[in-house]
Amino acid sequence: MKQIITEHRGRIKAIIKKLTGTYNEDIEQEVYIKTWQNLDKYQEQGKFSQWIGMITANLCRDYFRSRAWHEQNLSISDENISETTAVSAAQEEITDAKTRQKIILKAVDSLPKHLREVIYLFEFEEKTYEDIAKKTKVPIGTVKSRLFNARKILSEKLQFLKGE
């Protein structure tokens, strides 16, 4: 397990930061726990780094869905109304960024599997067209077409974010 942590720590941290807007040590620890718990279920159909990347992305999505996140970011009690109104602009921007990322992740999740896969590999895993073509076993032209179509759909779904 120590070797897995050493080899994949940078990638895990990068994915967490990209998806949540900030580094979150709790999510990173949860990734290692889930990886350890499911190591026997890993099938060598793809790269291990992609498998652990998917675990990380799923845990980031779970973080946004969790009750703790909602209570922390969305609930206002009588005790903290004055604190909430005094939130600095920087904190509001961070909350807005997290909300935007949650909306974007939800939109990506709603894409058809073949489009979601290429968007994930290109945007989150930062793979090249060639790497994606090899992974998905389709021609590079198909990869480019799928990326175009996925971006077009996401642009339409997320049009309301452009006006903010």
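Which residue just after H8 takes a positive phi? Lys137 does, at about 60°. The views below are taken from a predicted model, in which local features require pLDDT of at least 70, side-chain atom pairs count only at pLDDT 80 or more, and totals for chains, interfaces and linings use all residues. Residues are numbered from 1 along each chain as its sequence is written, and side-chain values use heavy atoms, with hydrogens and water left out.

**View 1. Lys137 in the loop between H8 and H9.** The phi of Lys137 is near 60°, a positive value in a residue other than glycine. At 73% relative accessibility, Lys137 counts as exposed (over 50% relative accessible area; buried is under 20% and partly exposed lies in between, with a 1.4 Å probe and protein chains only). Helices (H or I, at least four residues) are DSSP runs numbered from the N terminus.

**View 2. The buried side of helix H8, residues 129-136.** Ile132, Ala133 and Thr136 are buried in this helix. They lie on the same side of H8 because they cover an arc of only 100° around the axis, the arc being that of the directions from the helix axis to the C-beta atoms. An α-helix has 3.6 residues a turn, so residues three or four places apart point the same way. The cover over the buried residues of H8 includes helix H7 (113-124) and helix H9 (140-157).

**View 3. Lys127 in the loop between H7 and H8.** With 15% relative accessibility, Lys127 counts as buried. Not counting residues up to four places away in sequence, Lys127 touches Arg11, Lys47, Gln50, Leu121, Phe122 and Ile132 (contact means heavy atoms within 4.5 Å).

**View 4. The aromatic pair of Phe122 and Tyr129.** The structure holds 1 aromatic pair. The ring centres of Phe122 and Tyr129 are 5.5 Å apart and the planes stand at 10°, so the pair is stacked. Rings of Phe, Tyr and Trp (its six-membered ring) pair if their centres lie within 6.5 Å; planes under 30 degrees apart count as stacked, over 60 as edge-to-face and the rest as tilted. Phe122 is partly exposed at a relative accessible area of 24%, and Tyr129 is partly exposed at 29%.

**View 5. The salt bridge between Arg151 and Glu123.** A search of the whole structure finds 1 salt bridge (a side-chain nitrogen of Lys or Arg within 4 Å of a carboxyl oxygen of Asp or Glu). The side chains of Arg151 and Glu123 meet at 3.3 Å, N to O. Arg151 belongs to helix H9 and Glu123 to helix H7, so the pair ties together parts that are 28 residues apart in sequence. Arg151 is partly exposed at 35% relative accessibility, as is Glu123 at 30%.

**View 6. The largest nonpolar core.** This core has 35 residues, and those with the most contacts inside it are Leu19, Ile27, Val31, Ile119 and Leu154. A nonpolar core is a set of buried Ala, Val, Leu, Ile, Met, Phe, Trp, Tyr and Cys residues joined through side-chain atoms within 4.5 Å. The largest share, 8 residues, comes from H3. Leaving aside neighbours within four places in sequence, Ile27 is in contact with Ile16, Thr20, Leu59, Cys60 and Tyr63.

View 7. Confidence is lowest in helix H5 (residues 81-85), at a mean of 46, and highest in H8, at 92.

Technical notes:
Helix = DSSP H or I, 4+ residues; strand = E, 2+ residues; numbered from the N terminus. pLDDT = per-residue confidence, 0-100.
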